[in-house]
Amino acid sequence: MMSGMINNIFFIIFPIIVYQLLVVAGKRNFFASHRITLTVLFSISIVLCMSFPYQFISEDYIFDLRQVPMIVGGLYGGPYVSAALFVVAATCRILIGGEGTDIAVLNQLLVAIVVPFLRPAFLRMRWTAKIFCVFLISFFSLTFNLLVGYFLFDHPISHLYEVWLPLMVNQGAVSALAALLIEHIQRQEYMLNSLLKHEKMDTVSHFAAAVSHELRNPIQSVKGFIQLMQTYDYSREKQLEFHDIIIKEIQAAETLIEDYLVYAKPAYGQVENLSVMPEIKHILKIVGPYAVSNDIRIVLKKMNKEAFIMADRQKFHQALINIIRNGIEAMPDGGQFSIEAKLINSKVIIELSDEGCGMTKEEVQRLGEPYFSTKIKGTGLGMMVTYSVIRQMKGDIQVESESGKGTVFTLVFPLADQSAPIVK
């Protein structure tokens, strides 16, 4: 008896767990959006329970837990699921045949009709009330079996206490267990969905804070210079100086907005087959003066001439410039910044290393997150853009760093065919 009961419980619990793996997380109504999947899994559960029944207390009674998936399926899935499960259960019972077929089919029909009507009220209950409700439905379902057998078919009712009552409690307990599992899974998934939503809102708030903070500085600067020119009569030379400052502040604001747009939705213009070595040399012409002014010596190590990648030239320059500038700023007392490009197993590897202050493991893990920066006045926008651009080029960023010993950025790209045409 015990092994058969355990098998039946397994046949009921296993489909619920499988269902959780197949459906989308975070649904308040656990089965509403995937009724077909639910029906198939619970139909299998019903067939297995009826195929492997067990004797309960007396050898005169063969019992199974087919009603549990019918009740749970009807309450959580609705009338269509309930009707489909009734067809499966009734068909199997008729094929099995034997004494009690008429009562069993009549009982299954009652469950299929009554349970969906209870569903609206059931879904509004607290989880504790739901479990108690499932227990009562299961309990009274077998009570109906007993009473119909007695009044319509003259079946004896003498075994009420020694057989039927334990049967009712057993089936009710398993039904409550199934409902408890579903409610627990549903609560966990809803909590996960709420957490994901909260994280998204938190990211949006960081973005809003960063935009307002960073745009306020150039806007206030522009406003101040315009007010000065309205109030005082400056010379033409001084006005042109103010104009240059205003234009630079406006360009800074435009750059900030472009950085956010690149991170949120990277826009690629022309993807080209780029040779890495000349592109890096061109980038060094741009950042060279900045490195010299900060007493930084940039060293080109091994440069493989056959390293080609498919990328947007402008975005590739932007990503590498962000990393190089960060490396330069990480060495306030001067030092050496090294760049190496090599070819390994059809992968283009670009290593950029500095001798700066380095980062902790926690800081490395957070690189590329919105509004995270290791610099006092940094916003993290540069690294956000860099990570976004590299991923768009189907590349990968690996960072090794240690506090006080510097940082190594390793960029890994798929090797492009040197003869590949430009892709628009």
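**Notes on the predicted model**

1. Let me begin with valine 364: its relative accessibility is 18%, so this residue counts as buried, the cut-off being under 20%. Please keep in mind that the model is a predicted one.

2. You will find valine 364 in helix α11, which spans residues 361-366. Setting aside residues up to four places away in sequence, valine 364 touches Met359, Val399 and Ser401. Glutamate 402 is 38 residues from valine 364 in sequence, yet their C-alpha atoms are 9.4 Å apart.

3. Which residues touch the most other members of the largest nonpolar core? They are Ile12, Leu65, Val68, Met70, Val72, Leu75 and Tyr76, in a core of 46 residues. Helices supplying at least two residues each include α1 (2-22), α3 (67-77) and α7 (160-231). The largest share, eight residues, comes from α7.

4. Apart from that core lies another, of 41 residues, and Val364 is one of its members. Ala307, Ile339 and Val389 are also among them.

5. Beyond its neighbours within four places in sequence, methionine 70 is in contact with Ile46, Leu85, Phe86, Ala89, Gln108 and Val111.

6. Two backbone angles are worth a glance. Serine 346 is not a glycine, but has a positive phi of about 60°; serine 346 sits in the loop between β6 (335-344) and β7 (347-353). Lysine 394 also has a positive phi, near 60°, and lies in the loop between α12 (381-392) and β8 (396-402). Lysine 394 counts as exposed because its relative accessibility is 68%.

Conventions: Residues numbered from 1 in each chain as written. Predicted model: local features only at pLDDT ≥ 70, side-chain atom pairs only at ≥ 80, totals over all residues. Heavy atoms only, no water. Helix = DSSP H or I, 4+ residues; strand = E, 2+ residues; numbered from the N terminus. Buried < 20%, exposed > 50% of the residue type's maximum accessible area, 1.4 Å probe, protein only. Contact = heavy atoms within 4.5 Å. Core = buried A, V, L, I, M, F, W, Y, C linked by side-chain atoms within 4.5 Å.
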